[in-house]
Every structure is written in structure tokens, then in C-alpha cells.
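I wanted to look up who pairs with whom.

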Amino acid sequence: MKIIMASSESLPFSKTGGLSDVVHSLSEELAKDPQNEVSIFTPLYKTIRRKEFKLKLFSSFDVQMGQNSFAVKVYLSNIKKVNYYLIENEGFFGRDELYGYDDDGERFALFCNAILKCMQINKMECDIMHLHDWQVGMIPCILKEKREFCGVFGPCKTVFTIHNPLFKGYFRADGLSYLYGLDEKLFYNGMVAFDGMVSTFKTALVYSDKITTVSPTHANELLTRESNFNIEGIMNQRKNDFVGILNGMDVREWDPKKDALIDYNFGVNDFKEGKEKNKIAFVKEHNLDEDKPIFSVVSRLTSQKGLDQIIIMANEIVNRGGIVAILGSGEKWAEEYFKNFARDHYKNAFVFIGYDNVLAHKVYASSDFMLMPSLFEPCGLTQIISQRYGTLPIVRKVGGLADTVLGFNPDIKNEKEANGIVFNDIDRNAALWSIDVAFNIYENSKIKDKIIRNAMKLDRSWKVSASKYLELYEEALKK
Ligand code: ADP
């Protein structure tokens, strides 16, 4: 099967969150089967260290948007049987950050137009176009509405995966013609309209042949009004074409036995000594107290991630004699809060504001617990990685967190099955309860070791999920 992915980020080139890991590792898994040819289109950002990759110029052309013409070059890199096509345009992608600019709508419109033009002029055939999140949400619409593309790439059925339903990709109705060369009637007849604007996200939900999200529980949540994303109407209309497929993880990149980025390697048989050695190295390096439980956060610091709960938990942890380690960046007020927190508790708190992959690996290896009290979580990768590194996730029962963590319940003593700590409510008591359970587990090494072993033994490879995607692709091809 010829599969073409389009994503605003993908490892090994760019990453701000789980989307990047998923596109990359799902593609590698699919490409293991010689019957599949897998390609990924992604922007060539300034932050990508070009010299590390063998980039070959594949194609160059101009993209017309409204009155303006934009020069685009496409570079190709083949890594582990996956073809990465990197779209270069200095003005739009030669910037310090991946997102957060006023013209993000134009930037990703150029990205979509460049993908289709590249496919067109290079006669790239495709069975399935697998599109990820709002940045590429207009592609299914363009493929169906623009005559010049109808049928030229082969079957080219579209699958759209919702990684984060918060981001709707809004732009004004007149953008339909000047950004995408589409007729504005699509706005007035309601096909692409959402909240009085065009939404690339909603457009994808209308036009894609199949829709997925990244966990079964999140799929169910999106069908309900309580999820608060205001898409339950359309999701219910598309229910027969909508499924939740749980993310796997890259088990080679995240393997405590072989991880070259951590101080000491360890596996399920020697995690006690291994984690302890990593922990000692970590607390020494950052001048923290020894012999205390470490509770960590490795995350974007945005309200989605339950910042209010994290603050309640962090204060409780230091009051009860634990250590808090935070690695993340995001909302400025939260960054300031945690910087001050580290200053106030300098022996018991470590805070790094920014993105640092090496540090992330070390935090996973040396922590006892990982805090994830998310308000919503389509899947979440951090808890899955934590489990593999013997760091017990403390999560709220929502989305993919509910599908991946089985909580220890001190009342029924279910340490035989448990692999983390789970609480339900978004309130202070629930957060404090989870920290209390964590301290109790920490002090009872028999229970703790059992739960850690359960967590480390979980099979999170992509094999099962990738085969579910393949089944879905087959169904799309029958449409
Ligand atoms: P989301 O995609 O919503 O950001 P996920 O839990 O799905 O959340 O994925 C987060 C991924 O990003 C994980 O691989 C995590 O290790 C990584 N990550 C998050 N913040 C940082 C950071 N500041 N530095 C390094 N890695 C980070």
C-alpha cells in the first residue's frame, strides 16, 4: 500500500509533543512490511540540523496563494525505509519556533498547497493520505472539491487523526479562495464553517474518508457534549467512520536497557539498583536532597495538562518531604510560578523551563512518580514512557490516561495488576489523595516493586496499533 502522511512535526526532524513521535514511529512500523511504501511530508524548520541528515533536493517549484507566489524546495531523506519529504520556504518555516505566529494559518496553507503540488508535478501515487491535526485539515476538502486533483494520485483515500481537538485552525471565510483556491460557497453552505469562521479541523471531520483519534476512551469522549470540544454533533454523524486507536511508543528510542542518554541502564530485573543509581546521579548533578521520592512533570505547561492540580500536588510533595522535578515550557505565568517554586525549595525542587530531550530521558530514569492530572488527554505518551522506565504515573482518569494506567487502590490492594495511580476528580482532595497514596506506596517497597514491575512489563510496541491502522486503510479503500 502506498501511504503518504502529512504532519506539522515528525521525528527525527522536529518535535514539540506526542504528535511527532506518533507520526514517526507509526510510519516506521508500517514501513517494516515490504508491501507498504510510506512517506511523510513535514516542514523543513530552521531548528532542524540539516547537516545531520542526508537531505537531497527532490523538487522545486512556486506555490501561488492569492496574488503572491512562494518559492518552495522539497528535500528528501530516507530513514529506515520511510521517505521524509521536507518542505522548505525560508519566510514561513525559517523561524525560531514551530508554532505560535499570527500567520500560522498562511504558513500551513502553504504547507498543504506545497504537498499537493509536489505530488502532482512528481506524479506521486497514493492509496492512503493520512493527515494529522488542523495544520493539514484542508487537504481532504481540496482533494474532493478541486477538479485538478480528482483522481490524479490514484485512489488517495483520506484518513484524519485527531491528536488534539483543542486546536481548530480558524481563518476568515475569504481565506478559502486566497489561501486554498476554494469557493467561498463552502463556508456559506456550512461544510467548512465553525463558530462563524472556517475551521481546518472541522473541515477534515467533514471531508475525510475515515477519522481516528489516539485512544478508545477519547473517541467516546468526543461523541459527548461533556467533552466540551463542541464537535459531538459532527462526530455522531460520522460515527461509523470514526474509531479510537491507542498510540504505541517507539520501544527502541525509549528503552531503559539500552538508552544511551541515561547514566545507568536497567531492565525489569535490576530496576531497583538501576533507578537508584540514576537518581543519585540526578540529585547530585542538581544539588538536591538525597533519599527522597522524586515526583516529576515532563510536559507542555498549558492548562490542558492540569496546571492547577500540579501546583497543589507540588506544594503537598515538598511539604511531605518529597522532591519535585519539572521539565517543560508553555504559559508564561506557569513558567514564572515554577521558577519561583524552585527558588523557594531549592533543595527539593528542580525546574528547567525549555525543551531538552536528554534531560527528559534522565528525568524518566531517575524519578519515582510522574504527575499527569490532565483536564483532557487524547492519548498521552509521557505516562507510557514513564511506565517503561519504572516511574509510576499519577494520572486523572481521562482519555488515553484511562486506557493505559490501572490505578493502585489501597482499599482493595490490587498491586497484582496496578501499574500507576489514578484519580477521578478535578479538585484539591483528589489531587491530595493521589499524593498520599504515592507516599504510602513509596514507603512499602513490596507493593512499590510489584507495581513498578507491572508497569515496566507492559507491551507498548506499535505492532498491534499499526495493524489496526492498516485494517482501517483497507476499509477506506473500499469506500
Ligand atoms: P502532548 O503531545 O500533548 O504534548 P504527550 O504526553 O502525548 O503530550 O507527549 C509529550 C512528549 O513530549 C513526550 O515524549 C515527552 O517526553 C515530550 N516532552 C514534553 N515536554 C518536554 C520537554 N520540555 N523536554 C523534552 N521532552 C518533552
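My entries on the salt bridges follow.

Before anything else: I am working with a predicted model, where local features need pLDDT of at least 70, side-chain atom pairs count only at pLDDT 80 or more, and totals for chains, interfaces and linings use all residues. Residues are numbered from 1 along each chain as its sequence is written, and side-chain values use heavy atoms, with hydrogens and water left out.

Entry 1. I looked up the total and got 24 salt bridges (a side-chain nitrogen of Lys or Arg within 4 Å of a carboxyl oxygen of Asp or Glu).

Entry 2. I picked Arg-252 and Glu-28, whose side chains pair at 3.0 Å, N to O. Arg-252 sits in the loop between strand E12 (242-244) and helix H10 (271-285) and Glu-28 in helix H1 (residues 18-31), so this pair ties together parts 224 residues apart in sequence. Helices (H or I, at least four residues) and strands (E, at least two) are DSSP runs, numbered from the N terminus. I noted Glu-28 as buried, at 7% relative accessibility (buried is under 20% relative accessible area, exposed over 50%, partly exposed in between, with a 1.4 Å probe and protein chains only).

Entry 3. Next I checked Asp-241 and Lys-479, a salt bridge at 3.0 Å, N to O. Asp-241 is in the loop between helix H9 (232-237) and E12, Lys-479 in the segment after helix H18 (463-477), 238 residues apart. Asp-241 is buried at 15%, while Lys-479 is partly exposed at 45%.

Entry 4. Glu-335 and Lys-332 form a salt bridge at 3.2 Å, N to O. I found them three residues apart in helix H12 (residues 332-344), so about one helical turn separates them. Glu-335 is buried at 8%; Lys-332 is exposed at 59%.
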